[in-house]
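I opened this notebook to record what I looked up, entry by entry. The structure is shown below.

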Amino acid sequence: MSFADLLHPMFLIPFVNGLLLAILLPLVGAHVRLREEWLASLGLAQAAAAGVMVGAFLDAPIAVVALTAAVVAALAKSFFGPKGNESYALMLLLGWTVALLLAANSAHGDDLSHALTEGQLYFTGGSHLQALVAVGLVQFGLLPWLAPRLLLARFFPDHFAANGRPNPHHEIVFDVLVAVTLALAATAIGVMAAFAVVFLAPWIAFRFARGWFKTIALGIAVSLAAYVVAFALAFRFDQPIGPVIVGVLLLLGGARLFARH
Amino acid sequence: MNGHLLLEVENLVAGYRDPVVGPVSFRLNRGEILGLAGPNGSGKSTVLRAIIGRARIFSGTVRRGHDPIATAVQAQRPVRLAEMPITGREYLRLTGAARRAPPPQLGGLLDLRLDELSGGQFQLLHVWACLESPAGLVLLDEPDNNMDPGARATLIEVLHQSRTAGRGVLVVSHEHDLVESVCSRIVEVAA
């Protein structure tokens, strides 16, 4: 394939879908990392993967079931689960078990399992694009309200309880936002690539940036750069997009070795 | 309750799985800095946590004043992450602590990342963030943790300056000289 083919809608829409994910994933990822809940990205992505398999097994709309599975997992964590990475580790293991058992026992399970591992960005279309634009508008619209509350709760953990709000709304809003973003990512670039963008881009930005919004901006810049390079490489050399994204981000992560902090 | 009363703790027995402190009684009025003193392990911090609903109340009562009032809580061990790309200025903005200039010891640190501050500098910033917030009730738990003598002297000066007519401050500390130098009254919590 040549780069001229990229302008064809068949490739252009998937490319734009990936670009939107490269912006939205580090945005939630920075806050997830600040909360030391970075395993959330893998747990929720795996819950979405399990949802894909449940959808295939029941012959139900796959994207809807994947989104529902991730949101239910996030809400269950919010209401019942232990705080922090423990609940995401449990979610990850449960999602992995369900996904693989259903894959082994459904007609197209193996193909779907393969797609969730390698990413199926080229097969995402207009509905994915619409969903990503909607999530993007919600994320950026909520950011001025959400970010100060997430930071306040992180650095002054007793603030909301001391002021009569032991379970503030922003926690659930954020958990659901992370779940929806991860579900859309897992069904486009694959489970592990979704995790990599959420985890690695902020991991790099946290090392270099000075100031919270600069951290978010740097995370997005790293993610966008990694995505564009990965897409070009995968497109040119006909490689699966997921592993290439992870590989490029890992290479960029080497920059942390040169940080002054 | 009168209009000056911010907090009334009466015969409070508090703890977690089992009671660890009490009975304790005290009142905190507007314009006061009240000290809650006692040795390590006596349950002073548990009283503070019961006030904010983070510890179990076995008996007794915790009552707030009639007017709803914002509360700021300085944790005994402030959250410190290995990497914190937040600046001191952003940290103060979180609690709305931007009403007046910070003490000189903090002024030069506001543009640094939090992970570039020493333990004592971070502690002083944390206390300042609570004291300078618009909260009417400020709860400080061992505010001089990690501080060298210079930072401690600044803390004492800042606490003196924080005494305003509309607000009450509760200082929990095992350091008697600290509570004696800044508090209008002291309540002893027995071990």
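The entries that follow concern a predicted model.

**Entry 1: the contact between the chains.** I first looked up how many residues take part in the contact. Chain A gives 27 residues and chain B gives 27 residues. I noted that the two chains bury about 2,300 Å² between them, with 59% of that area on carbon and sulfur atoms. On the side of chain A, the residues that lose the most area to chain B are Phe155(A), Phe156(A) and Asp158(A), which together account for 32% of what that side buries.

**Entry 2: polar pairs and the make-up of one side.** I found 13 residue pairs in polar contact between chain A and chain B, counting pairs with both residues at pLDDT 80 or more. Several helices of chain A supply at least two residues each to the side that touches chain B, among them H1 (9–34), H9 (191–208) and H10 (212–237). The largest share, 5 residues, comes from H6(A). By class, I recorded 15 nonpolar, 5 polar and 7 charged residues on this side of chain A.

**Entry 3: salt bridges across the interface.** I looked up the salt bridges next, and the rule finds 6 across the interface of chain A and chain B. Which residues of chain B does Asp158(A) pair with? One is Arg49(B), with N and O 3.2 Å apart. This pair joins two chains, because Arg49(B) lies in helix H1 (residues 44–51) of chain B and Asp158(A) in the loop between H6 and H7 of chain A. The other is Arg54(B), whose closest N and O atoms are 3.0 Å from those of Asp158(A).

**Entry 4: a network.** I noted that Arg256(A) forms a salt bridge with Glu83(B), the closest N and O atoms being 3.0 Å apart. Both residues belong to a network of salt bridges that also includes Arg33(A) and Arg207(A).

**Entry 5: a residue in H10.** I then turned to Thr215(A), which lies in helix H10 of chain A. Thr215(A) is buried, at a relative accessible area of 2%. Beyond its neighbours within four places in sequence, Thr215(A) is in contact with Ala205(A), Phe206(A), Ala209(A) and Pro85(B).

**Entry 6: helix H2 of chain A.** Lastly, I looked up H2(A), which covers residues 39–58 and reaches 28 Å from first C-alpha to last, close to the 28 Å expected. Of its 20 residues, 16 are buried. Asp59(A) follows H2(A) and has a positive phi, near 60°.

Definitions and conventions: Residues are numbered from 1 along each chain as its sequence is written. Chains are lettered from A and ligands numbered from 1 in the order in which they are written. This is a predicted model: local features need pLDDT of at least 70, side-chain atom pairs count only at pLDDT 80 or more; totals for chains, interfaces and linings use all residues. Side-chain values use heavy atoms; hydrogens and water are left out. Contact means heavy atoms within 4.5 Å. Buried area is the accessible area (1.4 Å probe) that two parts lose on being put together, summed over both. A salt bridge is a side-chain nitrogen of Lys or Arg within 4 Å of a carboxyl oxygen of Asp or Glu. A polar contact is a pair of N or O atoms within 3.5 Å; within protein, one must be able to donate a hydrogen and the other to accept it, and residues adjacent in sequence count only if both atoms are side-chain atoms. Helices (H or I, at least four residues) and strands (E, at least two) are DSSP runs, numbered from the N terminus. Ala, Val, Leu, Ile, Met, Phe, Trp, Tyr, Cys and Pro count as nonpolar, Asp, Glu, Lys and Arg as charged, and the others, Gly among them, as polar. The expected span of a helix is 1.5 Å times one less than its number of residues. Buried means under 20% relative accessible area, exposed over 50%, partly exposed in between (1.4 Å probe, protein chains only).
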